[in-house]
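Subject: Structure for your review

Dear colleague,

Please find the sequence and structure below. A summary of what was found follows them.

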Amino acid sequence: SLVDYDRLLVCADFDSYWDAQMRVEAHWHDSKEWWRSAVLNTSRMGWFSSDRTIREYATDIWKALE
């Protein structure tokens with residue numbers, strides 16, 4: 001039924017999804033590069049706080065705390 005009626009577009013980009021998964025898998029098998037990527041991604045993530053994020057949404061987007 002996904003081929004005939006793909007309302008949620010599950011199949012629309014499956015080929016690019018599969019290609020990306022294969023690149024991730026290849027990267028995973030190179031443990032040195034995988035760990036390097038993990039450390040860099042973590043260190044570049046920046047400061048995150050759900051309280052800060054909710055406060056920013058309430059103030060800047062929803063204008064609820066003015």
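Helices are DSSP runs of H or I with at least four residues, numbered from the N terminus. Trp-18 is found in helix 1 by this definition.

The model is predicted, so local features need pLDDT of at least 70 and side-chain atom pairs count only at pLDDT 80 or more, while totals for chains, interfaces and linings use all residues. Residues are numbered from 1 along each chain as its sequence is written, and side-chain values use heavy atoms, with hydrogens and water left out.

Aromatic pairs

A search of the whole structure gives four aromatic pairs. Here, rings of Phe, Tyr and Trp (the six-membered ring of Trp) pair if their centres lie within 6.5 Å; planes under 30 degrees apart count as stacked, over 60 degrees as edge-to-face, and the rest as tilted. Phe-14 and Trp-18 form a stacked pair, because their ring centres are 6.3 Å apart and their planes lie at 20 degrees. These two residues are four residues apart in helix 1 (residues 14-29), which means that about one helical turn separates Phe-14 from Trp-18. Ring pairs also bring in Tyr-17, linking Phe-14, Tyr-17 and Trp-18 into a cluster.

For accessibility, buried means under 20% relative accessible area, exposed means over 50%, and partly exposed lies in between (1.4 Å probe, protein chains only). Phe-14 is partly exposed at 41%, and Trp-18 is partly exposed at 45%.

Tyr-57 and Trp-62 form a tilted pair, because their ring centres are 5.5 Å apart and their planes stand at 55 degrees. Tyr-57, with a relative accessible area of 39%, is partly exposed, whereas Trp-62, at 55%, is exposed.

Other residues in helices 2 and 3

Leu-40 lies in helix 2 (residues 31-43) and is partly exposed, with a relative accessibility of 24%. Arg-52 belongs to helix 3 (residues 50-61); its relative accessible area is 17%, so Arg-52 counts as buried.

Distances across the model

Trp-18 and Ala-58 are 40 residues apart along the chain, and their C-alpha atoms are separated by 38 Å. Arg-52 and Asp-13, 39 residues apart in sequence, are 35 Å apart in space. Leu-40 and Lys-63 are 23 residues apart in sequence, with 35 Å between their C-alpha atoms.

Yours sincerely
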